[in-house]
Number of protein chains: 2
Amino acid sequence: MSMIGRSLTEVDTPALLVDLARLEKNIRRYADSAAKARVRLRPHIKTHKTLEIAKMQLQAGAGGITAAKLGEAEVFAEAGIEDIFVAYPIIGPEKALRAARLAQHCRLIVGVESEKGVQQLSEAASQIGSTLLVRVEIDSGLGRTGVGQEAAGKLCRQVLDAPGLSLDGIFTFRGASFPEASSRDPQILGRLEGEMMVAIAERLRRAGIPIQEISVGSTPTATSAAEVPGITEVRPGTYVFFDRMTTQVGTSAPDELALSILATVVSRPAPDLAIIDAGSKTFCGDVIPANVGLEGYGATIDGQNGVVIRMNEEHGTVRLAPGFSPEIGDKLLFFPNHVCTTVNLSDEVLVTHGEVVKAIWRVAARGRRQ
Amino acid sequence: MSMIGRSLTEVDTPALLVDLARLEKNIRRYADSAAKARVRLRPHIKTHKTLEIAKMQLQAGAGGITAAKLGEAEVFAEAGIEDIFVAYPIIGPEKALRAARLAQHCRLIVGVESEKGVQQLSEAASQIGSTLLVRVEIDSGLGRTGVGQEAAGKLCRQVLDAPGLSLDGIFTFRGASFPEASSRDPQILGRLEGEMMVAIAERLRRAGIPIQEISVGSTPTATSAAEVPGITEVRPGTYVFFDRMTTQVGTSAPDELALSILATVVSRPAPDLAIIDAGSKTFCGDVIPANVGLEGYGATIDGQNGVVIRMNEEHGTVRLAPGFSPEIGDKLLFFPNHVCTTVNLSDEVLVTHGEVVKAIWRVAARGRRQ
């Protein structure tokens with residue numbers, strides 16, 4: 001039975017809903033902001049993993065997309081998207097060969113942050129006669145992947161000397177979720193990140209290394225980073241949907257949240273508790289709520305009043321505020337803490353306009369983590 | 001390129017590996033234990049979601065399977081499995097109708113714990129002329145779904161009076177993970193759970209309610225619960241693979257863990273840190289490690305010495321013990337905290353014998369949460 005044209009009251013649960021009007025508005029907001037700052041918007045598709053949304057972003061002015069892994073890039077290249085940056089260090093001969101092959105079908109840029117990475121990519125590209133565009137990853141404080149300023153110069157020279165590789169620029173990622181910095185202003189962090197990257201690029205250029213692209217940013221930091229002179233590209237992802245975390249840091253308003261979870265009350269174990277049919281296979285569990293200043297794993301939308309305080313795989317325990325007493329069988333809407341990992345748990349999203357399902361979109365690159 | 005016949009050094013990462021010898025041994029151990037106690041073993045397939053493993057369990061003596069949701073049951077029924085218990089309260093007219101339809105294709109038992117559930121199942125079964133076997137869920141202390149002793153009697157009578165329904169017995173679930181009770185002995189908890197359920201069944205029988213089946217148990221509690229006279233069925237799930245949590249509570253030994261994650265080192269940001277290409281899209285995040293007495297989200301197998309202390313979607317930060325210094329490109333093996341939710345993140349598992357891939361099994365019911 002197709003769900004298209006049906007009311008939300010008829011939708012089987014748990015289900016992921018995308019509010020089309022809000023999605024379009026969010027896509028427009030970041031496209032406008034990048035256009036105003038005259039930087040390229042290269043949205044990160046890891047948030048939605050959905051071909052339809054990537055195409056909306058490109059139509060709104062995005063100049064290519066960002067992917068987290070080669071497997072994601074392969075799905076989007078197959079669908080005809082022509083300019084893809086895999087913002088991840090490609091390691092391993094098998095992956096290097098896949099990258100070199102993919103570069104024969106689209107304009108592919110890959111990340112690198114080690115000598116081994118440069119060697120493996122160069123060997124693979126040389127082996128099949130393709131050219132890989134490469135960006136060197138800078139660690140701007142996350143302590144994860146990326147190199148410091150000193151090592152960046154050395155690595156850029158290795159890329160310049162490596163057969164089959166072409167140096168495209170530098171990039172960094174500050175961390176979209178700011179788990180350690182929820183009290184700090186993302187606008188300030190974005191500016192600092194941008195200035196740091198431009199300074200590094202300037203020093204590399206003075207040393208004779210041609211740096212074309214300086215790519216930065218996450219959803220909270222993209223707007224301010226884009227305004228730093230010299231930045232050429234921003235890579236926000238979460239902004240298409242926003243979530244409780246981006247709202248917590250002030251980047252989004254509650255009425256901009258475009259992705260929600262529809263769940264059914266299956267039990268009422270106590271006057272202040274409801275059990276819903278959505279648990280840790282529906283709401284993401286990658287963020288410890290207290291670490292980002294949130295209560296619970298999800299919260300109901302306006303007019304209802306509940307918080308998901310515990311999750312098992314197929315059960316969510318919702319603490320109800322006084323006066324809110326849904327019955328068994330009632331359907332409730334929740335906003336998740338982190339949309340990217342929530343979407344990764346779903347095979348599809350239902351696209352809604354008001355209370356009606358308008359389309360079903362497949363999460364085409366779900367689980368493509370290789 | 002098929003991975004079958006290849007060595008683990010050639011496997012692309014991240015990948016889930018199943019040690020076939022350990023899997024067979026674990027399946028045999030619980031089958032023998034149930035046979036010795038003369039109870040039916042009805043393993044919960046939510047752990048593996050894989051047809052091949054369910055068939056191994058049935059061949060080893062399991063009398064049917066348990067599923068968490070109707071969507072899982074539909075996948076296994078389609079594959080020819082004939083006796084399925086959905087240990088979850090079925091709520092909603094759409095789901096009740098799906099259950100009634102599925103009952104025409106296999107021997108289906110469903111859970112119920114509310115008057116509304118009884119009504120909806122009865123209406124659906126009557127509508128299409130099928131009969132649904134029903135078990136009433138008892139809350140044995142988890143405070144999630146299930147009813148107390150008093151309400152159980154009332155609900156059983158409603159089932160007995162409802163057209164299209166047939167009362168099969170009672171069931172409970174104590175929680176496989178024991179998040180709140182890691183310091184308590186699961187053997188004792190299993191016995192208490194079994195004794196409580198038998199006492200409830202006896203009282204219902206004295207009141208004239210025919211209770212045939214008394215179904216209990218999780219992996220840690222199944223063995224001791226099975227030994228309580230009167231128990232007819234146990235439903236462990238995790239035992240096929242075991243995990244860090246079952247080892248933590250003493251149910252499994254480290255050399256019984258049958259599911260591991262192969263990941264590649266992509267960066268070495270510090271002497272005591274490695275970044276791997278597996279994060280929260282690979283290791284489950286549904287358990288807060290400190291709450292179950294564990295350190296980190298995964299730990300390396302013998303001979304290596306690292307713990308996954310932080311996760312982003314595609315990055316795991318591994319803290320290395322002194323003396324262990326893997327290079328970029330090295331592949332490491334990790335055990336996850338909770339196998340059920342880890343498997344739900346994967347489309348397939350690689351079945352290994354020694355260092356060689358023998359088969360690839362699809363996680364056929366992954367994500368079937370409706």
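Residues are numbered from 1 along each chain as its sequence is written, and chains are lettered from A and ligands numbered from 1 in the order in which they are written. Because the model is predicted, local features need pLDDT of at least 70 and side-chain atom pairs count only at pLDDT 80 or more, while totals for chains, interfaces and linings use all residues; side-chain values use heavy atoms, with hydrogens and water left out.

Over all chains, a search of the whole structure finds 54 salt bridges (a side-chain nitrogen of Lys or Arg within 4 Å of a carboxyl oxygen of Asp or Glu). In chain A, a network of salt bridges links A:Arg40, A:Arg42, A:Asp83, A:Arg107, A:Arg135, A:Asp168, A:Glu213 and A:Glu233.

A pair within a helix makes a friendly starting point. A:Asp32 bridges to A:Arg28, with the closest N and O atoms 3.3 Å apart. Both belong to helix α1 (residues 20–37) of chain A, where a spacing of 4 residues separates them by about one helical turn (helices are DSSP runs of H or I, at least four residues, and strands runs of E, at least two, numbered from the N terminus). A:Asp32 is partly exposed at 40% relative accessibility, and A:Arg28 is partly exposed at 41% (buried means under 20% relative accessible area, exposed over 50%, partly exposed in between, with a 1.4 Å probe and protein chains only).

In chain B, B:Arg107 pairs with B:Asp83, the closest N and O atoms lying 3.3 Å apart. Since B:Asp83 sits in strand β4 (residues 83–89) and B:Arg107 in strand β5 (residues 107–112), the bridge ties together parts 24 residues apart in sequence. B:Asp83 is buried at 19%, whereas B:Arg107 is partly exposed at 37%.
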